[in-house]
Amino acid sequence: MMAKRVMTVDDSKTMRDMVGFTLRSAGFTVIAAEDGKQALGLLASNPVDVIITDLNMPVMDGVALIRALRADPKWRSVPILMLTTESDAGKKSEGRSAGATGWIVKPFSPDKLIDVVNRVCG
Amino acid sequence: MATGHFDHLKSTYFQECGELLDSAYASLTLLSEGRQDDDTVHAIFRAIHSIKGGGGAFGFDRMVAFAHVLETLLDLLRDGRMQSTGAVVGLLLRATDALSDLVAAERTATLVAQGFEDALLAELGACALQGLGVVPPPVPRVAASSSPPGAQAVLYTIRFMPHPGLYRNANEPLLLLRELKRIGDTTIRAELARLPSLERMEPEDAYIGWTIALRTTADLSRIEEILDFVSDDCDLSIERVPDTVEIAADDAASPAAPDTLSIPVAKADQEPRRGEGYVAPTSVRVDVQKVDRLVNLVGELVINQAMLVQFGALLPPDVCPGLVGGLATLSQHLRELQEGVMAIRTQPVGSVFSRMPRLVRELSTQLGKDVHLVITGEGTELDKTVIEQLADPLTHLLRNALDHGLEAPDQRIAAGKPAQGTIRLAAEHGSGRIVIEVSDDGRGIDRDRVLAKARQRGLIDDASTPSEEEIDNLIFLPGFSTVDVVSDISGRGVGMDVVRSNIQALGGRITVHSRQGAGSRFVLSLPLTLAILDGMIVAVGRECYIVPLTNIIESLRPQSRDIHPVAGCGDVVAIRGDYIPLIHLSHHFDVPGAVSDPARGMVVVVESETAGQVGLVVDELIGQQQVVVKSLEENYGAVDGIGGATILGNGRVALILDVAGLRVTHPPRPQSTHLVQERWR
C-alpha cells in the first residue's frame, strides 16, 4: 500500500518538525507549509490524504484555509484536522463549522497524533 | 511493466471468479434440490472465500465486505449451526447473484449504486442471527463472568445516528466503526429506516445509522474519544448493558424489522481452516490464442498428410515398401493428435447452462410465475467458441419459454396442470453433434394465432394450408413476432429468426416441436467443433466444392422425365412425389465446362432451415473427407453461399458451401416445396 500523505500547516517550525517527525516515523509522507496561503500553493500540485493545520497563523489562518479547501470540490472529502488549545473553544467551533473533520488539542503525545490521523484517513 | 503484470493477475482473478461463481451456483443447485452431500456447503464456502480473498488483495472492498457477510452465513451452515432450509438457500442464491454483480462491476470498473447490496446484507445478517439464536452458542454465557477480573469485558450498546450533514466535514463513519471493532468484539446493525427512495436521495447526505453492540475491556472514555469528532453531527448514545440482562441485549441486537441489518464482524484472527477439503488445482490456464494456433497447425498438418498420402499412392508399391505403412501410421497418429488438440478447446456446456438458473429465477419473480428449471447433461463438452455463442440464443429461448410458453399459475391449475411450471435444459451427444433441448410444459404454440399472424404479415399465402409442423416453423421467419405488445422480457425486437441465424452461424440447426396445451420443445443441434467439418467433395467442371455432410439428405442421378422447368423458379426435380428446386452450381459459381443436364450429372439433395430442401446439380461425387475449415470471412470477406474454404490433399483450394446462403443468390422460390407441389397437381 502507498504511504499516506499528510500536510502539516503551522507557523511554528518546532510544531511542523514535531508533527513531521512523528508521522514520518509512523510511515506517513509529510509535506509542511508555514501558512494557509503557502499550503494552498503546495496543495495545488501535491495531492495529500490528510491536512493538519494550526488555527492561528499569519497571512492566511487555519479557518480561512479550511473554508478555501472545502469550497473546492477536489478537497471536499479530504479530512482536515485542526490543532487547537484547550482555551480555544470559540476557534474550534468556528473551524468545525468551516468544515474541519476533527481536532487535536495541544499539547499532544505522538501516539495520540498517530491515533487521530489514522482514525480520519483510514 | 509492473502494472501490466498486475493487470494480468487481475484478469486471471476475474476469470477465476467466474469459475468459482459457477461452482457455487452448481453446489447451490444441489442444495436447493436436496441432493447435497457433506462437501456441498464446504464447496460453496470455499468458492465465496476464494473470491473474497482475491478481492481483498485487489482492494475491492465493497465486494469483499459483501462476500464476508455471505461467508459468515455459510460458515454457520457448514458447522451445522444452521439448517439449509428452502428460504436460506433462496437467500444464498440471491446473495450469490448480487456477489456476481459486484464482481462484474469491479471487472468492468463500473459503479454499483450505493446501497445496492444493503437489503441483502440485512437479510443475510438477520438470517445468520436467527441461526445463532436457534442453536445455543458453543460457549456458555456464564463463561464471561469466569474470566479474570480487571480484564473483564463490558457490553455497551452504542446508537450512532448521523445527521444528514455528517459527511460535510469529511468524517467517515466506516473508519469509526472499524476503530470500535479494534477495541473489542462488535455486532453492528445498520438502521436503514431513514434511507429515502433513490430519487429523493442527496448523494452527499448521511442516511444510515448504526446500533453497535460492543464488548470491550476498554474504558467508556475511549469509546467517547473515538466518536468525539462526530458527536456534534449525530444523535449518539452509549449505554453500558448490565451483565444480568446480557442475553436480552443480544435479543435487542437481533433485527426486528427487515430494514435493519446485522453483520457479525469476524475478528481478524479468524482465518478459515485450510487443508480440509482443499483440492490442489489440477488444470493449467492457457491463453485461447495459443490453443487456436495449435489447432491451426494441426489443421495444416492434416492437409500435408493428405498430400503425402496422395503422392504415395502415385508411386508403385515396390519402390518404397515402408512408405505406405509409414503413411498409414502417420495418418492414425495425426487423427489422434487432432482429436487431442480439439479436446483442449472443448468445455462442458455447463459453463453457459450455469447462468440460466439465475435468469429463470429473476424472470419468474418478475412475471409472477412459479418455475422449476431442470438442467441435465451439463457435463457435455463442446467447442469453447460454440459455447460462447450459445449464451444469447439459449437466453432468448428460456425467456420465451418463461414469458410466452408457461402460463400463469392460476391458468395452469385451471388447465389441470401443477401450478409450478417446468423448463428443461438438456444437452447430450448425438452422432458427432451436440443436441441441446429447451422444453417447457406450458401452453404450446398457438397455431391459429401463428397462422393468422403469418398471413397478416404476408409471410405466407392466404390460400395455403401448411401442416402443423410448417406452422410451428413459421416463428423462425424474419419479421415474425406473435406478441403485439413488446414486453420487457422477451420482446426486445429480437425474434426467433435471430436465434435461428445465430445457431446456423455456428453450423447448427434448430427445430421446434410443440403440442398445444402440453408445451414446446426447441431442439438445437450443434457441431462439436467449428474447426473441422465432415464434407462431401463434389466436382463441378474443373472445380471442387465441399458440401457439409450434415446438410446432405441424399444424392441421386435423376431421370430426364423427372426434371421439370418452372417459370421463375428454374428447374425442379421430382423425387418420390415431391418437387425439389434445383440449383446448378455451375451457373451459380459461373464454372465453365460443367454438366448442365442434371440427368447426366448428379443431384445432391441438401436441406437447411431457411431454404428447406434444394437439389444441387454437380458433375460427380468425389468422396467424403474431413476438412479443416479456413475462414473466408477473416481472410477475404463474407460471400453468400460460401461458408469457408479448405485445402484439399492435392494442394488445391476448395470452397465449402453454405447451403442456407446458396438460396439467397438463387432466384427465390415463391413458397415452400409444399406449395410448389400444389401447383403441379
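The structure is a predicted model, in which local features need pLDDT of at least 70, side-chain atom pairs count only at pLDDT 80 or more, and totals for chains, interfaces and linings use all residues. Residues are numbered from 1 along each chain as its sequence is written, and chains are lettered from A and ligands numbered from 1 in the order in which they are written.

Chain A holds an open sheet of 5 strands with parallel pairing, in the order E2-E1-E3-E4-E5. Helices (H or I, at least four residues) and strands (E, at least two) are DSSP runs numbered from the N terminus, and two strands pair if DSSP finds at least two bridges between them. In general, strands of a sheet pair through backbone hydrogen bonds, either parallel or antiparallel. The edges are formed by E2 and strand E5 (102–106) of chain A, each of which pairs on one side only. From one strand to the next, the twist averages 20 degrees.

Strand E1 (residues 5–9) of chain A is joined by 5 bridges to strand E2 (residues 29–33) of chain A, and it pairs over 4 bridges with strand E3 (residues 50–54) of chain A. Helix H1 (residues 13–25) of chain A forms a right-handed β-α-β unit with E1(A) and E2(A); right-handed means that, with the strands pointing away from the viewer, the path from the first strand over the helix to the second runs clockwise.

Helix H2 (residues 36–45) of chain A lies across E1 and E2 of chain A, at about 155 degrees to E1(A). Helix H5 (residues 110–121) of chain A lies across E1, E3, strand E4 (80–85) and E5 of chain A, at about 175 degrees to E5(A). Angles run from 0 to 180 degrees between N-to-C directions, with axes fitted to C-alpha atoms, for helices over the stretch in contact.

In chain B, helix H2 (residues 38–58) packs against helix H3 (residues 61–78) at an angle of about 155 degrees, with the axes 9 Å apart. H2(B) is therefore roughly antiparallel to H3(B), a term for angles over 145 degrees. Residues in contact (C-beta atoms, placed from the backbone, within 7 Å) include Phe45(B) and Ile48(B) of H2(B) and Leu70(B) and Leu74(B) of H3(B).

Between the chains, the contact takes 12 residues from chain A and 10 residues from chain B.

Methods: Contact = placed C-beta atoms within 7 Å. Parallel < 35°, antiparallel > 145°, perpendicular 65-115°, else oblique.
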